[in-house]
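Open the model in your viewer and keep the sequence panel beside it.

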Amino acid sequence: MSISGRTKVYGIFGHPVSHSFSPRMHNAAFTALGLDCVYIPFDIEPRDLETATKALRAMSIAGVNVTIPHKEAVMGFLDEISPDAGFTGAVNTVLNSDGRLLGFNTDVRGFLRALGEDLGFEPKGRVITVIGAGGAARAVLSGLCIRGVKRVNIVNRTHDKAMELAEEFGGSFAETEFRSAPLSDTLGLRGYLSETDLLVNASSLGMEGAPALDLSLDTLKEGACVYDLVYNPLETELVREAKGLGRRAAGGINMLVFQGAESIKIWTGEDPPIDVMRSAVV
Ligand code: NAP
């Protein structure tokens, strides 16, 4: 990589950000596309998010991805929000368009593409159980509701957040039924699993350095699939257990690659090579 006075700067806002795979993945894509662009990690404390976001204009930074814990808060500092992101209530991609900061959410499309390509799963009319109620769960819910799921059970450590999400999405998607339960309600969760066509882990549980998701899949409905958004480790205990029971199951690495590819498309108009991006992170 050679950096010149014309090199366009992109990056990622997160806290912490040192674990992020995105710099490797995006720099590999820029190189493969022959673009004079570079992608840098920015560790931004929550109290500095407003200043850092405004600095994108001052420093002519062409765009950033936004990750934990800034996806929701960053929306307050942007000039425009895309329908996908508005609906989801979270932004993971910012484009600096001549000083106007535009927010997008590429996790929604990334998730749906991964569901199709990794699991061959069609959401319409199906029953889904989602674990988690943060930014990633919002993207998952948006995608699933847009695709016409019949019922969603939202399960979260903090039940209030699951209830809020159920109410919020219930207000926008009258055709879908929403229920919620605390993660500690083992019996309730077992009941949900017995009617579930797709179980999605959209919580941080199972991530490197976080506790595992302690969940028995013995009541999971026959033929159900499991999608774990966690991509580090590449195969979580949840995915291993599901596969061991003969279920179709996948971890989140392809979603990561697909959402990253969508970001590059938004920033540069180019379709990056998926295989190059994937090789950079596995
Ligand atoms: P977030 O907004 O911080 O939400 C974290 C979620 O995990 C919340 O529901 C939180 O529950 C739950 N949680 C955290 N620690 C927990 C614990 N010890 N016990 C029980 N629940 C716990 O994060 P996010 O952006 O939604 O990301 C969630 C996960 O998805 C992360 O692992 C992230 O890497 C992954 N992700 C993957 C992709 C991909 O492309 N594959 C994209 C986005 C995110 P409370 O509400 O109770 O705090």
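Which residue in β12 does V226 stand opposite? Select V226 and look across to β12: the residue there is A249. Before going on, note that this is a predicted model, in which local features need pLDDT of at least 70, side-chain atom pairs count only at pLDDT 80 or more, and totals for chains, interfaces and linings use all residues. Residues are numbered from 1 along each chain as its sequence is written, and side-chain values use heavy atoms, with hydrogens and water left out.

**Stop 1: the two domains**

Colour residues 8-105 as domain 1 and residues 108-254 as domain 2; these bounds come from an automatic or database domain assignment. The C-alpha centres of domain 1 and domain 2 are 26 Å apart. Seven residues from domain 1 and 14 residues from domain 2 take part in the contact between them, where contact means heavy atoms within 4.5 Å.

**Stop 2: the parallel sheet**

Helices (H or I, at least four residues) and strands (E, at least two) are DSSP runs, numbered from the N terminus. Two strands pair if DSSP finds at least two bridges between them. Strand β11, residues 225-228, pairs with β12 in the parallel sense over two bridges. Now select the whole open sheet: its six strands are in the order β9-β8-β7-β10-β11-β12, with parallel pairing. At its edges are β9 (177-182) and β12 (249-250), each of which pairs on one side only.

Helix α4, residues 107-119, lies across β10 (198-201), β11 and β12, and runs at about 135° to β11. Such angles run from 0 to 180 degrees between N-to-C directions, with axes as lines fitted to C-alpha atoms, for helices over the stretch in contact. Helix α5 also packs on the sheet, where it touches β7 (127-131), β8 (151-156), β9 and β10. The direction of α5 makes about 170° with that of β7.

**Stop 3: the mixed sheet**

Move to the open sheet of six strands with the order β2-β1-β3-β5-β6-β4, where the pairing is mixed. Its edge strands are β2 (37-43) and β4 (80-81), each pairing on one side only. Select β1 (residues 8-14) and β3 (residues 63-66): they run parallel and are joined by four bridges.

Helix α1 (residues 22-33) lies across β1, β2 and β3, at about 170° to β2. Helix α9 (residues 253-268) lies across β1, β2, β3, β5 (93-97) and β6 (100-104), at about 10° to β5.

**Stop 4: the pockets**

Why does the largest pocket lie between domain 1 and domain 2? Both domains give residues to its lining, so it lies between them. A pocket here is an open set of points on a 1 Å grid over the protein atoms alone, where a 1.4 Å probe fits, with protein on both sides within 12 Å along at least five of seven lines; lining residues have an atom within 4 Å of a point.

The largest pocket holds about 1,100 Å³ of space, the volume being the space filled by probe spheres set on the points, which are joined across faces, edges and corners. Of its 43 lining residues, select I68, A136, S203, S204 and M207, the closest to the centre. β3, α5 (135-146) and α9 are the elements that give two or more residues to this lining, and α9 gives the most, with three. The lining has 19 nonpolar, 18 polar and six charged residues; Ala, Val, Leu, Ile, Met, Phe, Trp, Tyr, Cys and Pro count as nonpolar, Asp, Glu, Lys and Arg as charged, and the others, Gly among them, as polar.

The second largest pocket has about 180 Å³ of space. Its lining residues include L183, R190, L205 and D214.

**Stop 5: the loops**

Zoom in on P16, in the loop between β1 and α1. The peptide bond from H15 to P16 is cis, with omega near 0°. A further cis peptide bond, with omega near 10°, runs from N232 to P233, and P233 lies in the loop between β11 and α8 (237-244).

Finish with S60, in the loop between α2 (49-58) and β3. S60 is not a glycine, yet it has a positive phi of about 50°.
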